[in-house]
Amino acid sequence: MKKIIARYFYVPICPESFASLDRLSSLFRKYKEHIHFESFNVFECKFESVYSWFPNEDEIIESIRGKESSPLLFGKLFIQGNEIKGFPPSKKSISDELEEYGISFKEEDYKLDYKSTMKKKLKYDINKFHIKQYHEKLLRDSCIICTKYNPYLDEEAYIPENWNKYEELKTTFLKENLKKDSLVGYIEYYNDEPVGFIEAFPLDISRMLGFPTSSKSTDGIMITCLSVRQEMSGYGIASRLIEHLEKEVEKRKYKSIEVLSFPHEHNWQPESLYGKRGYKRAKGIKGLCIMKKEL
């Protein structure tokens, strides 16, 4: 039987992208007789393989090179050029795709601790919220909003030892860009507990990270992630984080801010949130939209 090809493209700005890489590597090692697995850290921009690329993969690669507009965001898995749904990649989608090639998939071979959870919104004292600009010693706090407080991961399932290495990999990348002055970020706290964060990179770096931009401009910046803990929604955290970022970006003489936004009903980077702050539609991409604000 001819081996099929599985390829995972990932971005070094999310702990989950590294965790998914480990899970997928472990999974495909068990099927190495039938599957050839490759992984690519897209920021390194090295796409070398002895195998040919499939059209959907070519589109991702060209997007990172600034020639197309196919968003990668944080990580995508392809099997024989077919995109697997979900981030992290869906167990069912992997199973369905492998069955197409006569490969019997055992669900226990791919362990995922994620499930839909609804965290109860609690009452908080608005006066106890405060914002800090990114600093080397604070970067880990942005990570645990995505890991320990992930809306699809029960806090009881968060084991620090399991996530430390992934959080460290992200913070290493952020530290490098802080030193180069190519990262703007803020974290909001409730007392001393992190509750939300925002990160932005210059447009040229954002394109290398797999984020499509509205043009080939190099004098703008892109919000690559804005995340607020589920139980803290409704307290204006997202708006305050955007406001702080905008003021800092203006000080740094950037001409515009862009963000890849999602439909109004989506709970992450919603178009409605940015529309209220004066961002305008600049470009539509596969059901998503690049919003832009001139400074």
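This is a predicted model: local features need pLDDT of at least 70, side-chain atom pairs count only at pLDDT 80 or more; totals for chains, interfaces and linings use all residues.
Glu 246 sits in helix 7 and, setting aside neighbours within four places in sequence, is in contact with Ile 257, Arg 277, Tyr 279 and Lys 293. Contact here is heavy atoms within 4.5 Å. Residues are numbered from 1 along each chain as its sequence is written, and side-chain values use heavy atoms, with hydrogens and water left out.

- Glu 246 counts as buried, at 8% relative accessibility. The cut-offs: buried is under 20% relative accessible area, exposed is over 50%, and partly exposed is in between (1.4 Å probe, protein chains only).
- The side chain of Glu 246 makes a polar contact with the side chain of Arg 277, at 2.8 Å. A polar contact is a pair of N or O atoms within 3.5 Å; within protein, one must be able to donate a hydrogen and the other to accept it, and residues adjacent in sequence count only if both atoms are side-chain atoms.
- Helices (H or I, at least four residues) and strands (E, at least two) are DSSP runs, numbered from the N terminus.
- As background, an α-helix has 3.6 residues a turn, so residues three or four places apart point the same way.
- The length of helix 7 checks out: its 15 residues should span 21 Å at 1.5 Å a residue, and the end C-alpha atoms are 22 Å apart, which agrees. The expected span is 1.5 Å times one less than the number of residues.
- After helix 7 comes Lys 253, with a positive phi near 70 degrees.

**Salt bridges**

- There are 23 salt bridges in the structure, each one a side-chain nitrogen of Lys or Arg within 4 Å of a carboxyl oxygen of Asp or Glu.
- In general, side chains of opposite charge can pair when their charged atoms come close.
- One of them pairs Lys 165 with Asp 22, at 3.0 Å from N to O.
- Glu 193 belongs to strand 7 (residues 193-202) and Arg 229 to the loop between strand 8 (220-228) and helix 7 (237-251), so the pair ties together parts 36 residues apart in sequence.
- Arg 229 is buried, with a relative accessible area of 4%, whereas Glu 193 is partly exposed at 32%.
- Arg 229 has another salt bridge, with Glu 231, where the closest N and O atoms are 2.6 Å apart. Glu 231 is buried too, at 6% relative accessibility.
- Arg 7, Glu 38 and Glu 57 are joined in a salt-bridge network.

**Thr 213**

- Thr 213 is in the loop between helix 6 (203-208) and strand 8, and counts as buried at 8% relative accessibility.
- Its side chain makes a polar contact with the side chain of Arg 207, at 2.8 Å.
- A polar atom of the Thr 213 side chain also lies 2.8 Å from the backbone oxygen of Ser 215.
- Leaving out residues up to four places away in sequence, Thr 213 touches Leu 203, Arg 207, Met 222, Glu 258, Lys 283 and Ile 290.

**Ile 144**

- Ile 144 is found in helix 4 (residues 139-146) and is buried, at 16% relative accessibility.
- Beyond residues up to four places away in sequence, Ile 144 touches Tyr 149, Tyr 158, Glu 167 and Pro 194.
- Ile 144 and Ala 19 are 125 residues apart along the chain, and their C-alpha atoms are separated by 13 Å.

**Cysteines**

- The disulfide count is zero, where a disulfide means a pair of cysteine sulfur atoms within 2.5 Å.
- The closest cysteine sulfur to that of Cys 14 is in Cys 146, 5.5 Å away and too far for a bond.
- For Cys 225, the closest cysteine sulfur is again in Cys 146, at 5.2 Å, also too far for a bond.
- Cys 14 is buried at 9% relative accessibility, and Cys 225 is buried at 8%.
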